[in-house]
Amino acid sequence: MRRHWFFILLSLSAADRHGSGIMRDVLDLTNGEVKLWPVTLYGSLDELREQGWIRELARPPADADDNGRKRWFRITAAGRRAVAAELARLQSAVRVAAARLAHGAGEA
Amino acid sequence: MTSVARVAYRTLLRLAPRDLRAKHGPEMEALFVADLAAARALGRRAALGVCLAAVADVARRAPYEHWRRRGRPSAHVRHEPLLTSFAADLRYAARSLRRQPGAAALIVGTLALAVAANVAVFAMVDAVFFRALPYPNAARLVDLNEQAPTWGLDFTGINYADFVAWRRTARTFEAMALWDDAGFNLADDHGSERVSGQHVTFDMVRTLGIAPILGRSFTQAEDVPNGPNVVMIGYGLWQNRFGGARDVVGKTIRIGSAPYTIIGVLPANVTLDGPATLWLPVDENPNQEGESYSYEGVGRLKPGVTLAQARADLAVAQAPIWQRSDTSHTVSPRVMPLRDRFVADYRPMGAALGAGVVLVLLIACANVAGAMLARSVARRREMGIRVALGASHSRLMRQLLTESLVLAVAGGVIGTVVGRMGIGLLTAGVESPPPWLHLTMDTRAVAFSLLIVLVTTVLFGLAPSMSARRMGAAGATMEGGSRTAGSVPERRMLDGLVVAEVALAAVLLSCGGLLVRAYLTLRDVDPGFRPDGVASVRVSLPMATYPTWVTQGRFFEAVVAGVAAIPGVTDAGAVTCPPFGCHEGMFYAAEGAAPKRPGASDQVVLTRRATPGYFAAMGITLMHGRYYSAHEGSPTGFHPAVINATLAAQLWPDGSNPVGKRFVFRGDTTARDRMTVVGVVKDVRHYGLTRPMIGGLYLPLTTMDSTGSRAQFTIVAHTAGRPEALFASMRAVVRGLDPELPVFAVQTMRTALDHSLAARRAIALWLAAFAGIALCLAIGGIYAVLSYVVGRRRREIGIRMALGARSPQVLGLVVRQGSVLMAIGLVIGLPAALVAARLLSSQLGGVSARDPLTYAGVVIVLCGTGAIAAWIPARRAARVDPTIVLSDAT
């Protein structure tokens, strides 16, 4: 899974958000390391929607403060499965890498 | 400031796909503006960073977004493998083109014609203007010659003593060499033949930078008076006569009845001027200064030397000669790029043809564009249906692209093949092009014309998909059949294309017309002799068997007598230089004229020896006095002369009758060489009808002495019948006197005259052909557009006629539309033609570049044919039956 897909899904798994909300959340989440610029952000949102991993909300949540001008997104069940699967993959990768590195260090 | 940034970003976002912009544009802008505002608070660097990052974001992601959309037109359409769909496209294209075979053939034919013309003409343009001469470091080769403005000569030829001084003193040259064209009688056991060759100085091979295929070149010791009889043979002779045998070096051949040893073999196509079969050393004496200026020169500059430096260098080398014998600097060296010397004659032709053929290509492209545009409107319904059935726009575009490519590739390939074959035709009429002028296809020109063809077909081939996209499926299917006359932009574009075609055709027709008129005018110029019914052959006597002027003179007397006795021959004679042949110049002054002031101009006079029968055989018009008779004059006594009108005016500018007056070789006042005018004849245009005639005179053979010996004569004979019939008997006469002598330059004077005009005729014919093509294309364009418009407007015309419009009114409606296009085209085209004609003026001779007759003709031809082209569709329109058209649901 692409890195910005993963972070977008991760961000949406906590709450429904609009585009700039996702951007700020991902920036916070990664301590400013991952910044989603507009074309990448919205292009990826379209892609995720076509994948069926997120969907667009018909109307913004009641507590939204943007006068209904922005598009809001929500993660789907398929999206949660996808991000969980990616997390599992990453964890196994981390486990394997850590074991190998620990083993290598022992030998040296 | 913020709004500026917002607009800039919005513009930048146009690089992203339209649907992404439509959906998220405002949010993307807002996000950027917010980012920028936050960054600005941190300072200019941060703001700049945001801007750069935003640009990088678009640059990185926008192509991907486009690709993503193209790759997956929509989620539910199965993505076909590209190759499979390409094959399907090809099949479909073939089917759709077969449905309209006439239109497809017309488009392919038009393209092929234009490409073929370009391929052929640019082969020549490239060879003449651009391609490097086939010598190593050819850019450093220069043409050497001498000039004498006061003699009225731009090229005098080089004096051998001058050349020796240059070779000794000049510092800027790596090497320099002289050559002189010559003919040789080559004899062996199988017979004799006349071959062309050159006398060259010993380091010609080094100057050109070539190496003999076999053997060696001349040494300096061989290039001296009475040097050894050595010869280098050309590639063709080596192949034909010696079968390419490698042991040819050291063998002996007989040249001019003397044995010569072959020392080397030259590569093919290396000689500078004319095909050379033999190279002999010039064998000149460097210490003998003379008045003879007969050599051509070539030099190889040292690296980095400019023409100006070379000129200055040669002037320094020439200085001692000026001091010693030419204090008024009458003759001075001249240096120019080698190419300029040889292509001068071909340059106007190359430029005119190149420009003409590009115009033809443009007209053809405009024509094809119009045809494809018209076709696209006709296919709007088809496109609409295909969109409605679920074809994506990208799929449609690929389909149309394939069709266009099929047309372009077919036209391009056929055109290239035909053009390749046509290259030879270009120079067919031109007198012996230089051997290094290789006419081969020019890759760049081929690529250029193919590119233009491709761009045109693709651009206009995609038009149907554009209109389908603009209207959407529903609009296209519903309106497809009944729209009135195509949408406004398409109509405008069609009209514009026709106007452009007419304008370009007007330019080509005017230029072609002017050149044809110039050629016809030239044919009417009086050559000064009667070209019809005259046969001529040339014979050259070898010094070995005819060593003295007495034996030579006796031989030619016998030949002339023999030819005169041939049945059917009315007159026969011999001359040293026939018209369009050679040149021998001398200087003369009227007896008692004031001595020439230093620096004053001194005209060269063409000097010929001729038997009395020559005048009658050639039909040269006598203006005053008489011809000399057969036995009049002797080397030591009376010197009769027949002079031409120009020389008469030159020697006696007061206009008095020169008959009986006397003149002398300039500077020579001994009574021995005093000549008496016995007759004045009309100028014979010796240098061709396009060049002015200089002063000229004829002297009898009887006054020749040992110094004036000439071993070569042209025999002419006049007959009332076909002159070609005389050739065999004239050969027989020569063979009867000496079986070893070859007869050459066998031709009628009419042929010689036509040949002298060959280049002019070739330009005129080719441009006339291009003009004809242009006319056909432009007229075809008008016809096609009006037919199309009439077809589209059938319903409207039907309504008009139902409402009471008469046939003539409908006719007028359509014809008027054609006339307006034609008129606009002419208004643009004629001034452009005037400008183009000015550039051609050097080729027009006596015809003015503003020749009203030609332009009137162009207007009449274009309007006349245009009217016919408009009339046919107009009549079709006038015959529209309202009841049928209006009841037709589509």
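How many residues of chain B are in contact with chain A, and with how many residues of chain A? The count is 16 residues of chain B against 13 residues of chain A. Bear in mind that this is a predicted model.

1. The chain B side of the contact. Helix H2 (18–42) and helix H3 (44–71) of chain B each supply at least two residues of the side that touches chain A. By class, this side of chain B has eleven nonpolar residues. Four charged residues and one polar residue make up the rest of it.

2. Confidence in chain A. The average pLDDT of chain A is 86, and 91% of the residues score at least 70. Which elements of chain A have the lowest and the highest mean pLDDT? Helix H4 (residues 77–107) has the lowest, at 85. Strand E3 (residues 72–75) has the highest, at 92.

3. Layout of chain A. There are four helices and three strands in chain A. Read from the N terminus, the order is α-β-α-α-β-β-α. Of the 108 residues in chain A, 31% are buried. Take the contacts in chain A between residues at least 6 apart in sequence: 52% of them join residues at least 24 apart.

4. Gly21(A). This glycine sits in helix H2 (residues 19–29) of chain A. Why does Gly21(A) count as partly exposed? Because it has 18 C-beta neighbours inside 10 Å, while a buried residue needs 20 or more. Ser11(A) is ten residues away from Gly21(A) along the chain, and 9.1 Å separates their C-alpha atoms.

5. A sheet in chain B. Four strands form an open sheet in the order E12-E21-E11-E22, with antiparallel pairing. Strand E12 (569–575) and strand E22 (743–748) of chain B are the edges, each pairing on one side only. On average, neighbouring strands of the sheet are turned by 15° against each other, direction ignored.

6. Pairings in that sheet. E12(B) and E21(B) pair antiparallel over six bridges. Within this pairing, Ala574(B) has Ile715(B) of E21(B) as its bridge partner. Strand E11 (residues 534–540) of chain B pairs with E22(B), also antiparallel, over four bridges. There, Arg538(B) is bridged to Phe744(B).

7. Cover on the sheet. Is E12(B) mostly covered or mostly uncovered? E12(B) is mostly covered, with five of its seven residues buried. Helix H20 (residues 726–737) of chain B lies across E11, E12, strand E21 (712–719) and E22 of chain B, at about 30° to E11(B). Helix H21 (residues 749–756) of chain B lies across E11 and E22 of chain B. The angle between H21(B) and E22(B) is about 85°.

8. Helix H23 of chain B. Which residues of H23(B) (residues 794–802) are buried? They are Arg794(B), Ile797(B), Gly798(B) and Met801(B). They are on the same side of H23(B), because they cover an arc of only 105° around the axis. The buried residues of H23(B) pack against helix H22 (758–792), helix H24 (807–840), helix H25 (852–878) and helix H26 (882–887) of chain B. Just after H23(B) comes Gly804(B), with a positive phi of about 115°.

Note on methods
Residues numbered from 1 in each chain as written. Chains lettered and ligands numbered in written order. Predicted model: local features only at pLDDT ≥ 70, side-chain atom pairs only at ≥ 80, totals over all residues. Pairing = 2+ DSSP bridges. Axes fitted to C-alpha atoms, helices over the stretch in contact; angles between N-to-C directions. Contact = placed C-beta atoms within 7 Å. Nonpolar A, V, L, I, M, F, W, Y, C, P; charged D, E, K, R; others polar. pLDDT = per-residue confidence, 0-100. Buried ≥ 20, exposed ≤ 12 C-beta atoms within 10 Å, placed from the backbone. Arc of directions from axis to C-beta.
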